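Morning, everyone. I have one structure to walk you through today. Please look at it on the screen while I talk.

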Amino acid sequence: LLHAGLFALTVLQALASDTFIAAVYEHAVILPDPTDGPVSPSDALALMNKNMDVLEKAIQEAAQQGAHIIVTPEDGIYGWKFTRESIYPYLEDIPDPVVNWTPCTDPSRFGPAPVQERLSCMARNNSIYVVANIGDKKLCNSSDPGCPSDGRYQYNTDVVFDPEGKLLARYHKYNLFMVETQFNYPKEPEAITFETPFGKFGIFTCFDILFHDPAVVLVSKMQVDTVLFPTAWMNVLPFLTAVEFHSAWAMGMGVNFLAANTHNTNLAMTGSGIYAPDGARTYSYNMKTEDGHLLVAELDAHPRLSLAFPPAVSWSSYALSVERFSQNDHEFTGIIFHDQFTFTDLTKPEGNLAVCQKDLCCHLSYKMAGKRDDEVYVLGSFDGLHVVEGQYYLQICTLLKCKSTDLDTCGQPVETAQTKFEMFSLSGTFGTNYVFPEVLYSGVQLAPGEFEVLNDGRLISKTKPTKPVVTVTLFGRWYEKD
């Protein structure tokens with residue numbers, strides 16, 4: 001009766017408000033010892049229980065802070081150092097949620113499922129939605145032409161349990177990262193959504209974010225309010241650090257975004273956050289220590305109905321109205337994450353610049369607080385197919401700091417800067433409507449509330465920037481060309 005009363009109270013509180021409290025936990029995963037062969041099921045469970053001990057404490061703390069939902073990371077229960085064979089003892093058979101199953105109260109209904117049972121009980125005992133990433137196994141036979149030679153499919157899988165512990169959603173990752181050879185991808189991408197008293201939710205995993213299916217489908221077609229995002233994100237400056245890209249994606253797509261990253265500084269894995277369409281509500285980026293971190297923040301349940309919801313943007317409107325500049329003497333090429341950009345350097349403390357590549361012309365107006373001799377900034381343009389770690393079309397306009405005064409270093413990773421800007425305005429002649437605005441300050445810090453995107457496609461400083469600038473970027477994904 002007490003549990004039922006607490007659950008009813010939680011539901012009523014959520015129904016009575018247009019907001020909800022979200023939590024994400026960045027987890028320093030306890031990894032198994034390297035092995036080519038499979039360990040025993042009991043050893044696998046022992047390792048997973050060590051990680052779930054940590055996750056359970058985070059879930060309890062989040063619930064005590066009033067959180068209605070918590071997201072935990074990809075690979076957060078067993079890690080990632082596996083072959084197809086060695087991961088098998090860590091997998092469970094995860095049924096379709098239509099079976100209406102609560103593992104906490106009926107654990108053996110579908111065979112041994114100790115991980116699902118424990119996650120279900122964490123949700124039920126704390127009256128909170130719990131999102132976790134585990135592995136699913138499905139037997140197949142020779143009548144299925146896609147059946148692997150070992151007779152089973154193995155999926156990187158997200159699960160969601162509701163506050164009563166019922167299995168509410170199951171998602172099989174579709175866009176596998178190149179090292180995920182232990183997993184299969186489903187025959188068709190899954191667009192998984194579920195309703196809550198505080199909005200409509202969708203879910204996908206890590207590398208999925210860079211592709212149309214299922215990420216864009218969930219937002220544009222399914223009209224979700226909030227996206228859940230377990231990830232094991234390895235940061236890549238200057239555009240693909242977790243906090244800047246995930247914040248930009250939430251702004252560009254107009255949704256809440258709950259990103260829970262794995263924490264492993266040796267692999268540059270860090271950066272979790274709770275993001276709204278108007279900017280980050282809270283985030284963490286920590287490359288100095290090895291501990292986990294809980295983030296909690298309040299969000300609008302239906303951001304499209306919020307007064308703060310950004311207006312529709314015509315991303316190329318302003319840039320197309322600007323006269324195309326003739327080539328200048330300062331243009332040169334450079335590489336950013338294997339892509340060849342066209343650059344022009346900022347030789348004066350203020351001015352108007354343009355640089356073009358193919359159909360993309362990038363325009364910049366700027367004023368530095370003071371031009372330094374020991375720092376160089378460039379305006380860059382890239383319009384083409386990215387072919388490393390997946391193939392996808394990009395259109396990128398960027399103002400960025402070079403690693404040194406040597407122009408050959410422009411595009412190499414940089415985390416710190418000294419130069420402050422009085423103002424900046426960046427725009428581009430984009431061929432896609434899917435453009436994600438990023439501003440990254442020195443020390444890998446975001447700039448919530450200090451910039452905005454006008455409806456004509458200009459990314460402008462809203463106030464005088466308070467910290468030195470590392471990058472100002474419009475990151476376009478031309479899904480239509482993929």
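First, one cut-off. A residue counts as buried when its relative accessible area is under 20%. Cysteine 206 has a relative accessible area of 9%, so cysteine 206 is buried. Keep that residue in mind.

A word on what you are seeing. This is a predicted model. The mean pLDDT of the chain is 94. Of its residues, 95% reach 70 or more.

Now back to cysteine 206. Where does it sit? Cysteine 206 is in the loop between strand E7, residues 199-203, and helix H4, residues 212-221. What does cysteine 206 touch, if we skip residues up to four places away in sequence? The list is Glu74, Lys173, Phe229, Pro230, Thr231, Ala232 and Trp233.

Two of those names come up again. The UniProt record, an unreviewed entry, lists Glu74, Lys173 and Cys206 under "active site". These three span 133 residues in sequence. Yet no two of their C-alpha atoms are more than 10.4 Å apart, so they gather at one spot. Glu74, Lys173 and Cys206 also belong to the lining of the second largest pocket.

Next, lysine 173. Buried or exposed? Its relative accessibility is 1%, so lysine 173 counts as buried. Lysine 173 lies in a loop too, between strand E5 (167-172) and strand E6 (192-196). Its side chain makes a polar contact with the side chain of glutamate 74, at 2.9 Å. Leave aside its neighbours within four places in sequence, and lysine 173 is still in contact with a list of residues, including Asn156, Glu180, Tyr185 and Asp208. Glu74 and Cys206 are on that list as well.

Last stop: the largest pocket. How much space lies in it? About 780 Å³. Its lining has 35 residues. Met251, Gly252, Pro277, Pro310 and Pro311 are the ones nearest its centre. Several elements give two or more residues to this lining: H4, helix H5 (242-253), strand E11 (279-284), strand E20 (435-441) and strand E21 (451-453). H5 gives the most, with six residues.

To recap. The largest pocket draws most on H5.

Terms used. Residues are numbered from 1 along each chain as its sequence is written. This is a predicted model: local features need pLDDT of at least 70, side-chain atom pairs count only at pLDDT 80 or more; totals for chains, interfaces and linings use all residues. Side-chain values use heavy atoms; hydrogens and water are left out. UniProt positions are given in the numbering used here, feature names are shortened, and annotations may be inferred rather than shown by experiment. On a 1 Å grid over the protein atoms alone, a cavity is a set of points where a 1.4 Å probe fits but cannot get out, and a pocket is an open set with protein on both sides within 12 Å along at least five of seven lines; lining residues have an atom within 4 Å of a point. Helices (H or I, at least four residues) and strands (E, at least two) are DSSP runs, numbered from the N terminus. Buried means under 20% relative accessible area, exposed over 50%, partly exposed in between (1.4 Å probe, protein chains only). Contact means heavy atoms within 4.5 Å. A polar contact is a pair of N or O atoms within 3.5 Å; within protein, one must be able to donate a hydrogen and the other to accept it, and residues adjacent in sequence count only if both atoms are side-chain atoms. pLDDT is the predictor's confidence in each residue, from 0 to 100. Grid points are joined across faces, edges and corners, and a volume is the space filled by probe spheres set on the points.
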